[in-house]
Amino acid sequence: MKNSLLSIALIRKLILSFLAILVVAGIAYTISSVYLSEKYYAETTQRLHANLAQDLIDEKFSDESPFQVDGEINKALFGDIMHDMMAVNRAIEVYLLNTEGVVQYSVVLDHEAPETKNRKVNLEPVNTFIENKGQGYYLGQDPKDPTKKQVFSAARFQKENMEGYIYILLAGKDFLNTRELLLGSYMMKMGLGNLILTLLFTSLMAILSVWYLTKNLRELVHATRRFQQGDLEYRIKDAEKSDLASVTTTFNEMADTILADMNKLQSVESLRRELIANISHDLRTPLAIIQGYIETLQMKGKELSQEQRDHYLNTIENGSKRLGKLITQLFEYSKLEANQIEPKKEPFLISELANDIYSNYAILAQKKNIQLDLNMDDNLPLVFADISLVERAIQNLMDNALKFTPNHGKISIGILKKNEHVEIHIKDSGPGIQEENQSLIFERYRQTKSGKKNEGAGLGLAIVRKIVELHNSKINIDSIPNEGAKFTFTLPVHGFNPAINL
């Protein structure tokens with residue numbers, strides 16, 4: 001329900017944002033439309049009346065209608081002409097300019113205040129207009145207000161020793177005042193009309209568009225809710241084809257990762273329970289034996305023969321050693337798993353270490369009537385590793401081999417040169433390991449059942465794997481049931497970096 005409300009709120013925000021954009025766009029559209037309309041009207045008006053000033057000179061001024069009377073401007077003639085023209089088109093204003101652009105006469109200015117007379121008009125756009133024969137869009141100064149610019153028509157004249165310009169504003173003061181009065185109302189009506197029509201049309205489009213565009217988002221919210229409710233197998237279909245492909249594929253990957261982590265945690269919890277059971281059994285058995293024999297010695301100490309007393313004491317000693325070994329393995333593996341052991345690598349002769357281990361285990365093998373062989377290549381190079389950790393790994397493999405190799409069996413240690421590595425393998429003639437169990441024996445606290453008693457907590461091979469991984473190598477097994485097992489790992493030759501050549 002909460003996710004649904006969030007989805008609706010997001011959709012509402014998207015719609016409101018979209019409508020706000022449309023309102024701003026509508027206002028901008030109205031303003032630009034009015035501006036472009038005005039410009040279009042002004043340019044059209046100028047093109048249409050481009051020759052108006054020249055026509056005035058050609059038609060209205062002749063020898064019978066002179067520019068001057070008694071050396072002064074023929075104001076009566078100019079006044080009549082200007083009145084006639086402005087009566088026909090009240091938007092225009094006619095001015096007579098001298099060659100400097102100073103206003104000589106205009107009906108518009110004739111009744112203005114004295115300071116408004118003799119205004120000067122910039123002739124640059126006027127001359128450009130005349131040279132281009134009115135082809136183009138030009139704005140000239142308004143003599144009444146030089147800060148404003150208007151479209152115009154202009155033409156040169158030279159008559160009766162008088163030169164100057166006929167300068168006609170095509171959008172005069174009355175026109176501008178009327179336009180300004182109507183502009184606000186026009187903009188309001190047009191803007192409001194455009195805005196209403198735009199909003200009515202686009203509101204529906206916005207709702208449909210947002211609803212369509214958020215389809216994948218709603219699917220993502222639905223998938224999240226399903227996952228939250230416990231449907232851990234639910235995934236977004238065709239996530240890579242979605243509009244939100246990066247998000248939906250990430251959700252699917254996240255769900256896969258969470259599920260894998262949960263399965264891993266369940267596996268760890270199962271292994272933890274198994275560890276507790278195994279450790280409880282392994283600790284309880286030697287403790288029970290030690291406790292039983294100690295109680296027997298306490299109760300019947302005087303009645304026991306020396307031979308019986310020695311047997312009891314040896315049994316107690318063996319149980320204590322086994323208990324100490326188990327505790328040592330647990331402590332050692334916990335440090336390896338927590339990455340608290342940093343290998344101290346150095347070059348050393350693997351052949352010398354192999355000889356030492358062979359000598360130490362030869363006696364143990366002899367007691368069980370097991371044949372122990374050591375096979376090494378000649379001139380073995382130095383290896384670069386932590387000698388104590390390597391020794392511990394080989395010892396664990398030897399302990400494992402001795403544990404499962406029957407009397408009169410055979411164990412062989414092999415040290416061979418393999419390119420830039422030295423291969424070390426321990427092979428026994430024990431019962432071997434089923435193929436389906438070969439991938440499990442190196443996992444912590446795992447052990448396979450071979451019918452032997454007191455197999456232990458299964459930490460020996462797990463420790464071997466951790467040590468080998470610290471040397472950027474891998475422990476491998478080759479085993480056939482009833483034909484023994486062979487464990488193999490490699491160490492880098494001194495001067496060779498296995499991390500670079502992986």
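**Salt bridges in a predicted model**

Mentor: Glu469 and Arg465 sit in helix H12 (residues 460–470), four residues apart, about one turn of the helix. Helices here are DSSP runs of H or I with at least four residues, strands are E runs of at least two, and both are numbered from the N terminus.

Trainee: How far apart are the closest N and O atoms of Glu469 and Arg465?

Mentor: They are 3.9 Å apart, and the pair forms a salt bridge. That term means a side-chain nitrogen of Lys or Arg within 4 Å of a carboxyl oxygen of Asp or Glu.

Trainee: What should I know about the model itself?

Mentor: It's a predicted model, where local features need pLDDT of at least 70, side-chain atom pairs count only at pLDDT 80 or more, and totals for chains, interfaces and linings use all residues. Residues are numbered from 1 along each chain as its sequence is written, and side-chain values use heavy atoms, with hydrogens and water left out.

Trainee: Why does Glu469 count as partly exposed?

Mentor: Because its relative accessibility is 42%. Buried is under 20% relative accessible area, exposed is over 50%, and partly exposed is in between (1.4 Å probe, protein chains only). Arg465 is partly exposed too, at 26%.

Trainee: Which residues are joined into one network?

Mentor: Glu93, Asp142 and Lys144, through salt bridges that share partners.

Trainee: How close do the atoms get in the Glu93 and Lys144 salt bridge?

Mentor: The closest N and O atoms are 2.5 Å apart. That pair links distant parts of the chain, 51 residues apart, with Glu93 in strand S3 (residues 93–97) and Lys144 in the loop between strands S5 (140–142) and S6 (145–150).

Trainee: And Lys144 with Asp142, buried or exposed?

Mentor: Both are buried, and their closest N and O atoms are 3.3 Å apart.
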